[in-house]
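Dear colleague,

Please find below the structure for your review. My notes on it follow.

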Amino acid sequence: MTTFTGLSGVAQAASAPEPPLSFGEALSTGGSVIVFGLAIVFVALGLLILITYVYPKISKMLTGRQPKEREPSKARKSARKSEAVSAAPHAQAAKAADDTALIAAITAAVAASLGTSPNGIMIKSISRARQNIPAWGRSGRSEQICSRF
């Protein structure tokens with residue numbers, strides 16, 4: 001048994017050649033490395049699956065929000081249709097009055113932003129813009145509108 005002292009001894013020990021492994025030893029070492037690696041991968045995948053399963057439940061507990069209810073298909077739709085049919089005559093008269101006021105307000109706003117009289121402006125159609133438009137889409141839309149005037 002040889003004892004090394006100091007840093008020169010460590011360098012000598014590190015540079016000393018190891019005896020070559022036999023074929024059986026090399027094969028068993030390689031096999032154990034493969035099995036250990038596969039075990040780590042599958043344990044990590046199992047943990048990821050568990051985390052993705054549990055995360056919505058934890059998030060729901062922390063925020064206190066309940067998921068939106070999905071409406072039953074036929075029962076609720078038929079109830080809504082019957083409500084809409086019974087309220088339709090009253091709603092149409094109120095909607096017509098609201099539409100004229102809305103069109104007048106939009107016409108006045110467009111005229112004010114253009115700096116012109118509302119007499120020459122004609123509103124052909126009104127539709128609600130989607131709310132889930134990304135920032136670049138809103139920017140492009142306003143850029144196009146501004147370039148036309």
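Predicted model: local features only at pLDDT ≥ 70, side-chain atom pairs only at ≥ 80, totals over all residues.

In which helix is Thr107 found? Thr107 belongs to helix 3, residues 74-114; helices (H or I, at least four residues) are DSSP runs numbered from the N terminus. Its relative accessibility is 12%, so Thr107 counts as buried, a term for residues under 20% relative accessible area, with exposed meaning over 50% (1.4 Å probe, protein chains only).

Residues are numbered from 1 along each chain as its sequence is written, and side-chain values use heavy atoms, with hydrogens and water left out.

The protein chain contains 4 helices and 0 strands. Of its 149 residues, 3% are buried.

The largest pocket holds about 230 Å³ of space. A pocket here is an open set of points on a 1 Å grid over the protein atoms alone, where a 1.4 Å probe fits, with protein on both sides within 12 Å along at least five of seven lines; lining residues have an atom within 4 Å of a point. Its volume is the space filled by probe spheres set on the points, which are joined across faces, edges and corners. Among the 11 lining residues, Ile106, Val110, Ile121, Met122 and Ile123 are the closest to the centre of the largest pocket.

Finally, Ile34 is situated in helix 2, residues 23-63. Ile34 is exposed, because its relative accessible area is 55%.

Yours sincerely

Definitions and conventions:
Helix = DSSP H or I, 4+ residues; strand = E, 2+ residues; numbered from the N terminus.
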